[in-house]
Amino acid sequence: MSHLLHTTFVPATSPSLRRPLTRTTHYPTRTLQIQSKIREIFMPALSSTMTEGKIVSWIKSEGDKLSKGDSVVVVESDKADMDVESFYDGYLAAIMVDEGLSVPVGAPIALLAESEEEIAAALAQISSSSSAAPAPAPIPAPAPSPDSSTSNDGPGAITGVSSASVSENVSSRSSVANGAMGSSVHPASEGGNRVVASPYAKKLAKEFGLDLRGLVGSGPNGRVVAKDVEAAAAAAKVSASGSALASEVTKPSGGGTAVDLGSVVPFTTMQSAVTRNMVESLSVPTFRVGYTITTDALDALYKKIKSKGVTMTAMLAKATALALVKHPVVNSSCRDGKSFTHNSNINIAVAVAIDGGLITPVLQDADKIDIYSLSRKWKELVDKARAKQLQPQEYNTGTFTLSNLGMFGVDRFDAILPPGTGAIMAVGASQPTLVGTKDGRIGLKNQMQVNITADHRVIYGADLAAFLQTLAKIIEDPKDLTL
Amino acid sequence: MSLSLSSPSPITRSDCTAVANAYLCTPRSLRFCGLRREVFESKSLNSLSVSTRLVPCPRDSSFKKVCAALQSNGTPYKGGFDYDLVIIGAGVGGHGAALHAVEKGLKTAILEGDVVGGTCVNRGCVPSKALLAASGRMRELQNEHHMKSFGLQVAAAGYDRQGVADHANNLASKIRSNLTNSMKALGVDILTGTGTILGPQKLKYGKGGSGDTIITAKDIIIATGSVPLVPKGIEVDGKSVITSDHALKLEFVPEWIAIVGSGYIGLEFSDVYTALGSEVTFIEALDQLMPGFDPEIGKLAQRVLINPRKIDYHTGVFASKITPAKDGKPVIIELIDAKTKEPKGTVEVDAALIATGRAPFTQGLGLENINVQTQRGFVPVDERMRVIDANGKLVPHLFCIGDANGKMMLAHAASAQGISVVEQVSGKDHVLNHLSIPAACFTHPEISMVGLTEPQAREKAEKEGFEVSITKTSFKANTKALAENEGEGLAKLIYRPDTGEILGVHIFGLHAADLIHEASNAIAMGTHIQDIKYAVHAHPTLSEVLDELFKSAKVKVNSSSPVVHPVAV
C-alpha cells in the first residue's frame with residue numbers, strides 16, 4: 001500500500017508520496033473493511049502547500065483497465081493541473097469524487113480493483129457506506145481555517161468540539177445560520193438586486209459555502225468585505241456545532257448560509273468524512289470514567305505565568321502528558337483488534353472547531369517540551385490552522401485527544417473516541433463549587449469535571465482511574481508543569 | 001552603477017547599464033566589444049583603465065580627451081546639413097540610437113519636448129520596477145509560511161506608502177540623469193522643444209510659434225513613443241480613475257481597485273497592489289486573462305498570480321463607461337459584453353486603473369507635410385523602420401522607431417530598432433529580427449518569453465510544413481530554486497526537431513526575466529539546440545533550468561559546429 005499513486009511531477013522522494021502509508025497504518029480498521037485487493041486512490045499532495053485538490057477531469061472511466069503508470073485523473077492543486085498516475089495494474093472500480101469537486105489531500109477519490117470480479121465488491125463497499133463521497137480523513141481537515149473569534153488561544157478559548165458534537169448536530173444545521181436572511185437591503189446594491197462584495201470576500205464566501213446575498217456589508221458604501229464573510233462563517237459555524245451552544249455565541253449572527261427549509265442537502269465531503277468516522281467508532285467498545293478536579297492551584301499558576309505567553313491549553317496538555325508518562329497504557333491504542341500499540345511518543349491532539357467541522361492540531365512530545373515552548377508551539381499551530389497550512393503530521397499524529405467545551409459553560413460532556421487512538425478526554429468548565437473538606441468545613445473551590453472515553457480492549461477501568469488520580473494530583477499541585 | 005544594475009528592468013538590460021557605465025566614459029565600446037572585438041578590445045580596455053583613474057574628477061579635460069580619442073560627435077561630413085542625424089524623442093529608443101550614432105561618427109542631435117528618458121524611465125518600466133521591488137519584498141515578508149520554511153521569523157511587516165513612492169521617484173530621477181549625462185558626455189546635442197517635420201530632411205523645434213528654430217538633417221528618426229490609451233467613455237480624473245502615469249506615483253493605495261486590461265501593465269500593477277493590501281478586480285475584453293502569453297504559461301500564471309490572491313475578474317467584457325468617485329460615491333464601471341454589447345452589470349470600486357494598452361504619440365509631428373498618414377495613430381514603416389507615405393512609397397531619410405511605429409512596444413525593442421537604423425544610415429544594411437527580442441513581465445515570480453508562442457508556432461508549422469516539438473522543465477527540479485523555496489515555475493521550449501531551431505522559449509518562475517537571454521541570444525545568433533546544449537552552466541544556478549530545457553530537447557541532427565579552439569588544461 002505504500003505507493004498507491006504518484007505523479008510524474010513530484011520528485012520520487014517527496015514525502016507526500018508516503019502519506020498513504022502513514023494513513024493506512026494509522027487507521028487500520030478502514031483497510032480491514034476492504035476485503036481482498038481493492039485499493040483506494042487518494043488525493044495526492046502535489047505541492048507542499050496543497051491542502052486540498054480539485055478533480056479537473058477523469059481520464060479513465062469506471063470499469064476501465066489501468067496499467068501501472070497510466071494517467072487516471074487530472075487534479076488541480078493550488079498551483080497547477082497535473083496528471084495523477086496509477087501505481088498498480090487493475091480496474092478503476094469506482095469514482096468516488098466527481099469532476100469539479102474538491103477533496104482534502106489524502107482523501108480517497110476512487111477505488112482500484114485488482115480484477116474485474118472485484119469491481120462489484122468495490123461498488124458494494126461504496127454503497128454500504130452511507131455517504132456518497134466517503135472520505136477517510138480520520139480527523140477530518142479539509143479546510144482548516146479556524147476563525148479568529150472562536151479559536152484564539154487562551155483559557156477556555158479552545159473551541160474544542162468533540163467529534164461527537166459535530167456529527168450529532170449536523171442535522172441541526174438546516175435550522176441555523178438563517179438569522180440574517182432577507183434582512184439586508186444593500187445600500188450599494190440597487191435595492192438589493194445585486195451584491196457588492198470585494199474580490200477577497202467573494203473568494204472567502206465561496207470557500208465557506210456562504211451566500212453573499214444574506215450578508216450585511218460593513219465596507220465603504222455597504223460593500224461586503226472579507227471580515228463580514230468571516231464573521232458570518234464564524235456565526236454559522238458556532239450555531240452549526242450545536243443549538244445548545246447557540247446561546248453562548250457572543251457575536252450576533254450577522255448572517256449566514258441561506259438554507260432552503262425543508263430541503264434535503266447532501267453531505268459535504270467533510271460531513272461525509274465525519275459520518276464515516278463516527279460510524280467506524282461504533283465498532284470500538286468504549287467506556288467512560290469521570291473525575292472532578294480542583295483547579296485553584298492551576299488557576300493561580302496560570303495567572304502567574306500567563307504574562308510569559310503560557311496558555312491554558314498548553315498547561316492542560318502538559319499536565320495530561322505528564323500523567324500519561326506514568327500510565328503508558330492510556331497512551332496506547334488498538335489498531336487491529338488483536339494487539340496493543342504502545343506509542344513511543346506522547347502526542348496530545350487538541351480539538352479546535354473550524355468552519356463546518358473541526359481539526360486536531362497535535363502538540364508532539366508534550367511530556368518532553370517545556371511549558372513555554374509548548375505554548376509557543378500551540379500558538380504556531382493555531383496560526384497555521386487559521387492559514388490552512390497545517391501539515392498532515394501536525395494534525396493526524398495524536399495519541400491522546402483533548403476536547404474542551406468549558407468556555408461555553410458546559411460543565412460535563414462526553415466525547416466519541418477518534419478511531420485509531422486509545423482515549424479522549426472531555427474537559428468541562430472550571431466553576432466555583434461548594435465542597436466539604438475532610439476536616440468538616442465547607443469551602444468554595446474552583447472545580448472542573450473531566451470525562452475520558454477509552455477503548456476497553458486496551459485500557460481498563462482501573463487504568464483510567466489511576467490515570468485520572470495522577471492527573472488530578474498534577475493539576476492540584478501544578479509545580480511540575482513549569483519544570 | 002550597482003543601483004541601475006540591480007533594477008530588473010528591460011531598459012536596464014539594454015541601456016541603463018550602459019548609461020551607468022557612461023559615467024566612466026565609454027559604454028558603447030563595452031557593449032560592442034563582443035561584436036567588434038578587433039577594433040575596440042584594446043581601446044576599450046585602455047580607456048576603461050584611464051577613466052577609472054579619472055573617476056574622482058570625471059570632467060577633467062584629460063578625461064574628455066580620452067573620450068574624444070575614441071569617439072566624438074563629429075561634424076557633418078557632406079551635404080551642408082546641420083546634423084547627420086536628428087532624433088525626435090529622447091526616450092530609450094532615441095537614446096539608444098543617439099549613442100550608437102555617435103559611435104558611428106555621426107553628428108547627432110536629439111529633440112525632447114518633455115523629459116529625457118521618455119515613458120520607460122519616467123512613467124514606465126523604471127519606476128514600476130521600483131514599486132515591484134518594494135512590493136515583492138513586502139509580499140515575501142507577509143508570507144509567514146514562506147519565511148518559516150527558511151526558519152526565519154518576522155514580526156508584522158508594514159510599509160510606508162510615501163517611502164515606497166519615493167523609491168520609485170528617486171530611481172526614475174537617477175536613471176534620467178544617467179541617461180542625460182551619458183548623452184552629454186558623448187556630445188550629443190540635446191535640443192529642447194517639440195519637433196515638427198517641415199519637409200524632407202528639414203524640421204523645426206521649440207515651444208511652437210515663431211520662436212522655433214529650423215534645422216536640417218541628413219536623416220531623421222521619429223521616436224516619439226506613446227501615451228496610455230484611454231478608451232472612450234472612460235473619464236480619467238487622475239485620482240480615482242487613473243492610468244499607469246498616475247499609478248506609478250502611488251499617491252494612494254485603494255482598498256479595492258479595478259484594473260481594466262490584464263496585459264503586462266495590468267498584471268504588474270495587480271502584483272504591486274495586492275502585495276500592498278489592495279483587492280483587485282480585472283476587467284478583460286478578451287475571453288481569457290493575460291492574452292498574448294503562451295496559453296500554458298498563462299494558465300500557470302493564473303494559478304499562481306491570480307487565483308490564490310485577492311483578485312477576481314470579469315472576462316469578455318468592455319468597460320463602456322467609468323465615472324470617477326465623487327460626492328461619497330465610489331467609482332462606477334459599467335460593463336458591456338465584448339461581442340454582443342449587451343450590458344453586463346456594473347462594478348463599484350474605490351479606484352480604477354486603465355491599463356488597456358498604449359496609443360502612439362504622433363500628433364504635431366507634421367507628418368502631413370511629407371504626405372504620411374498614420375494608421376490608428378501609428379507611423380507606417382517597413383521592416384527597416386523606413387517610413388511609408390500615403391502612396392505606399394518610402395519617404396527618403398525618414399525612419400520611425402519604438403512605440404510610435406507599433407511593431408513591438410517595448411523599450412529595448414525601440415533601442416534595437418534605433419541601432420538598426422543607425423547601422424543603415426551609416427552604410428550597412430541591417431534588418432532587426434523581432435523574433436529574437438525578449439519580453440518580460442516583472443510579477444513575482446516573473447514571466448518572460450522570446451519568439452513564438454505554441455499556437456503561433458503550430459500555425460506557422462502547418463503553413464510551412466515542418467514539425468514542432470515542445471519540451472518543458474520545472475523549477476521544482478532546480479537546486480537553486482529549491483534553496484530559495486521558489487520551486488514554482490516552468491520553462492518551455494518550442495523548437496523544430498528536424499533542424500534544432502529554437503522557435504520560442506517561455507519561462508514562468510524565479511528571475512525568469514533574467515533567464516530568457518540565453519534563449520533570445522541563441523535565436524539572435526541563430527544558434528541551434530544541438531550546439532547550445534553542450535554549453536556549460538554553473539551549478540547550482542537558475543540558468544540550469546534552461547540547460548535542462550535544451551538538453552531535454554530531442555533534435556534529429558547532431559552538433560553542427562566543430563570544436564574550434566580546444567583548450568587543454
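How many bridges join strand β22 and strand β23 of chain B, and in which sense do the two strands pair? Residues 490-495 (β22) and residues 502-509 (β23) of chain B pair in the antiparallel sense over 6 bridges. The model is predicted: local features need pLDDT of at least 70, side-chain atom pairs count only at pLDDT 80 or more, and totals for chains, interfaces and linings use all residues. Residues are numbered from 1 along each chain as its sequence is written, chains are lettered from A and ligands numbered from 1 in the order in which they are written, and side-chain values use heavy atoms, with hydrogens and water left out.

**Confidence**
- The complex has an ipTM of 0.74 and a pTM of 0.59 from the predictor.
- Chain B has an average pLDDT (the predictor's confidence in each residue, from 0 to 100) of 85, and 84% of its residues score at least 70.
- Over residues 1-71 of chain B, pLDDT stays under 50, and the model has 95 contacts (heavy atoms within 4.5 Å) for this stretch beyond four places in sequence.

**Sheet in chain B**
- Helices (H or I, at least four residues) and strands (E, at least two) are DSSP runs, numbered from the N terminus.
- Two strands count as paired if DSSP finds at least two bridges between them.
- The order β19-β20-β23-β22-β21 describes an open sheet of 5 strands in chain B, with antiparallel pairing.
- β19 (439-441) and β21 (469-474) of chain B are the edge strands, each with a single partner strand, so one side of each has no neighbour in the sheet.
- From one strand to the next, the twist averages 10°.
- B:L493 has B:V505, in β23(B), as its bridge partner.
- Helix α15 (residues 454-464) of chain B packs on the sheet and touches β20 (446-451), β21, β22 and β23 of chain B.
- The direction of α15 makes about 10° with that of β22(B); axes are lines fitted to C-alpha atoms, for helices over the stretch in contact, and angles run from 0 to 180 degrees between N-to-C directions.

**B:H539**
- UniProt, in an unreviewed entry, lists B:H539 under "active site"; such annotations may be inferred rather than shown by experiment.
- B:H539 lies in the loop between α19 (529-532) and α20 (544-552) of chain B.
- B:H539 counts as exposed because its relative accessibility is 57%, the cut-off for exposed being over 50% relative accessible area (1.4 Å probe, protein chains only).
- Beyond its neighbours within four places in sequence, B:H539 contacts B:T479 and B:E544.

**Annotated domain in chain A**
- Residues 196-233 of chain A carry the UniProt annotation "domain: Peripheral subunit-binding (PSBD)", from an unreviewed entry.
- Residues 196-233 of chain A are 47% helix and 0% strand, with the end C-alpha atoms 18 Å apart.

How values were computed: Buried < 20%, exposed > 50% of the residue type's maximum accessible area, 1.4 Å probe, protein only.
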